[in-house]
Amino acid sequence: MRMNERPTDAAAMELRHLRCLVAIVDTGSFTDAALELGLSQAAVSRTLAALEDILQVRLLHRTSRSVAPTTIGVQVLARARSLLNGADELVREVATGHSRLHIGHAWSAFGDHTTEFQRLWHKQHPETDLRFIRHNTPTGGLAEGLCDLAVVRAPLDLGSWSHALIGQEARLVALASDDPWAKRRSIRLDEIPTRTLAIDRRTGTTALGLWPGDEQPSIEYTGDIDDWLSVISTARCIGLTPRPQPPSTVATASRIVPCAMPRPCPSTSSGASTTSTRPRTLRPLWPSRSTTGSAKHWSADSRA
């Protein structure tokens, strides 16, 4: 909602305005944001009102019980996080002579290659600290401004991101340790419809198109990876997953069995691919116009 019709004044915006917005959303209330920022609740309210006045939009939906960003507020929040992270990194880099690269992921990072990647990065780029951030969104926190780049497995519209294909991962079946299938050496894809399949609604990589329409498994959707692990550990459900990062990210579903996949179908005459049974692709994403210095190392290092 437009607050008024006068032009916005970017020069009037300060980092304190953005920190206030982020603190309110992250803590869930003006009271807790005030405690975190060391301000009075009235000062937090005034600072947010000033930011909304500068931008001429309503940033938050407020009730007596909850605070949530508006549609435009979600966009402003992501940019605010990015700007604040950039400012904090600038101060840190000047003070220490080291920059930092944050890599987001929904889970498992680079799988089997995570430790090797961390060691190679430290050896080749000692001036840039590497940090992994797990965030349960399709872009691993990139769209939310929580990282410089992200590793993704789930299918996404890649049009707004720069990206690179760095590998493919075989599918595995995640099972409870006492599951009837836990002692098997492999499980065929066409056997899975006899069980209930758990899929993380936000970051899952399993599509029902893996099976014909009349042979699809029953699905139990979960809200995040932790819930996905929990339902699998009960042996009520099984899951399909790329290879997890060791030590096993699927500790509660402590048995991982290879999934025997059929050969990929060839492309149709129209050029449309029907290879839904191919291994999952692994891609890093970063903003197309990224100016993050440490992110510029990415293209070469990710293919090393």
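Trainee: In which hand does helix 1 pass helix 2?
Mentor: The model is a predicted one. Helix 1 spans residues 15-27 and helix 2 spans residues 30-37. Where helix 1 passes helix 2, the crossing is right-handed.

Trainee: Are helix 1 and helix 2 parallel, perpendicular or oblique?
Mentor: Their axes lie 8 Å apart, and they pack at an angle of about 125°. Angles of 65 to 115 degrees count as roughly perpendicular, and those over 145 as roughly antiparallel. The angle therefore makes helix 1, relative to helix 2, oblique.

Trainee: In which hand does helix 1 pass helix 4?
Mentor: Helix 4 covers residues 71-96. Its axis and that of helix 1 come within 9 Å and cross at roughly 120°. These two helices are therefore oblique to each other. Helix 1 passes helix 4 in a crossing that is left-handed.

Trainee: How many residues are charged in the contact of helix 1 with helix 4?
Mentor: From helix 1, the contact includes Leu 15, Leu 18, Arg 19 and Asp 26. From helix 4, it includes Val 76, Arg 81, Leu 84 and Asp 88. The contact has 11 nonpolar residues and no polar ones, and the charged residues number 4.

Trainee: Which strands are the edge strands of the open sheet?
Mentor: The sheet has 6 strands, with mixed pairing. Their order is 9-13-8-12-10-11. An edge strand pairs on one side only. That picks out strand 9 (187-188) and strand 11 (218-222).

Trainee: What angle does the direction of helix 6 make with that of strand 10?
Mentor: Helix 6, residues 225-233, packs on the sheet. It touches strand 8 (172-175), strand 10, strand 11 and strand 12. Its direction makes with that of strand 10 an angle of about 165°.

Trainee: What share of the residues of the protein count as buried?
Mentor: The secondary structure comes to 7 helices and 14 strands. To count as buried, a residue needs under 20% relative accessible area. Of the 304 residues, the buried share is 40%.

Terms used: Residues numbered from 1 in each chain as written. Predicted model: local features only at pLDDT ≥ 70, side-chain atom pairs only at ≥ 80, totals over all residues. Heavy atoms only, no water. Pairing = 2+ DSSP bridges. Helix = DSSP H or I, 4+ residues; strand = E, 2+ residues; numbered from the N terminus. Contact = heavy atoms within 4.5 Å. Axes fitted to C-alpha atoms, helices over the stretch in contact; angles between N-to-C directions. Parallel < 35°, antiparallel > 145°, perpendicular 65-115°, else oblique. Left-handed = near helix turned anticlockwise from the far one by under 90°. Buried < 20%, exposed > 50% of the residue type's maximum accessible area, 1.4 Å probe, protein only. Nonpolar A, V, L, I, M, F, W, Y, C, P; charged D, E, K, R; others polar.
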